[in-house]
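Good morning, colleagues. Please have the sequence and the structure in view while I speak.

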Amino acid sequence: MCKLAGQDNCDIIIPASRRLSMLAELIPPAETLADIGADHAWLLIGLAAAGKIKNGIGVEVTAGPYRQAAANVAAAGLTGRIALRQGDGLAPLKPGEATGAALAGMGGNTIVGILARGQDIMASMAFLALQPMGQAAALRRYLRQAGWRICREAITAERGVRYQAILAQPGEMAPLSDPEAEFGPLLLREKSPLLLREIDERIAGHRRALAGLERSSSEASRQKAARIRARIKEWEALLLCLIPAGKSFDT
Ligand SMILES: C[S@@+](CC[C@H](N)C(=O)[O-])C[C@H]1O[C@@H](n2cnc3c(N)ncnc32)[C@H](O)[C@@H]1O
């Protein structure tokens with residue numbers, strides 16, 4: 001089962017992926033969901049089969065996954081409810097055609113690029129369900145700047161990797177601190193053990209990078225090392241504030 005911040009069970013399970021099950025749980029019931037970068041179309045198939053969405057539009061830029069999505073949708077008997085379009089990002093959609101969109105399994109900067117290129121389509125949607133693979137800070141900052149607010153967040157782990165998901169709706173959002181942009185304002189508030197583990201491992205990654213930089217004597221390395229040291233200090237202080245007294249965050 002996937003783990004949603006503050007909640008242990010998800011109603012919808014996409015058997016092949018805990019990560020996608022987490023995202024599916026986050027998505028509100030919708031008339032039509034567009035899945036951008038649909039790939040295998042598992043998300044749309046799972047949501048349509050569960051009755052959480054009435055219709056789906058899968059957009060896929062690459063020919064191979066597009067064909068695979070078509071085969072999977074046909075095998076699930078859902079060709080009448082899930083349309084597939086080959087194309088780039090939000091461009092194959094008309095304004096108002098989809099209630100909301102999912103963009104999952106892509107880098108945060110890639111998701112930002114897709115949203116920024118399709119602002120008229122984005123503006124016609126009621127929600128965005130996002131699951132960035134890295135660069136989450138850039139994505140959260142973009143949402144705020146574009147006039148969207150984060151209303152739910154979730155985190156799960158699959159095969160030792162942690163994944164975050166964000167549900168956003170049009171609206172104002174307070175400025176994000178660096179840790180809020182990086183780790184999620186709502187996830188930080190929830191103090192989920194998975195998030196604490198994520199912060200701890202990111203600190204360890206920074207320490208490894210720092211050890212490498214400290215072996216170099218170049219000015220650029222010294223400056224980068226100083227930035228990393230400051231970040232380690234900030235995240236260590238954050239972790240201390242988040243771990244309940246006398247507890248560990250083992251998951
Ligand atoms: C790693 S897969 C993730 C698939 C699925 N969303 C998931 O989370 O499991 C990313 C997919 O997005 C597609 N993709 C990348 N950029 C895209 C774009 N601009 N428009 C449509 N599809 C895109 C890729 O071809 C690939 O199939």
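This is a predicted model: local features need pLDDT of at least 70, side-chain atom pairs count only at pLDDT 80 or more; totals for chains, interfaces and linings use all residues.

Let me begin with the ligand. There are 15 residues around the ligand, and those that come nearest are Gly-37, Asp-39, Val-61, Ala-104 and Gly-105. Which of the elements gives the most to the shell? That is β4, with three residues.

I turn now to helix α9, residues 193-213. Helix α9 has 21 residues, and from its first C-alpha to its last it reaches 30 Å, close to the 30 Å expected at 1.5 Å a residue. Its buried residues are Leu-195, Leu-196, Glu-198 and Ile-199. Viewed down the axis of α9, these buried residues fall within an arc of 155°, so they line one face of the helix. The general principle is that an α-helix has 3.6 residues a turn, so residues three or four places apart point the same way.

What covers that buried side? The covering elements include β6 (148-158), β7 (161-170), α7 (178-183), α8 (185-190) and α10 (219-242). On the face of α9 turned away from the buried side are exposed residues, among them Glu-201, Arg-207 and Arg-208.

Finally, consider Leu-196, which belongs to α9. Leu-196 counts as buried because 23 other C-beta atoms lie within 10 Å.

Note on methods:
Residues are numbered from 1 along each chain as its sequence is written. A residue is near a molecule or strand if its C-beta atom, placed from the backbone, lies within 6 Å of it. Helices (H or I, at least four residues) and strands (E, at least two) are DSSP runs, numbered from the N terminus. The expected span of a helix is 1.5 Å times one less than its number of residues. A residue is buried if 20 or more other C-beta atoms lie within 10 Å of its own, exposed if 12 or fewer, and partly exposed in between; C-beta atoms are placed from the backbone. The arc is that of the directions from the helix axis to the C-beta atoms. Two residues are in contact if their C-beta atoms, placed from the backbone, lie within 7 Å.
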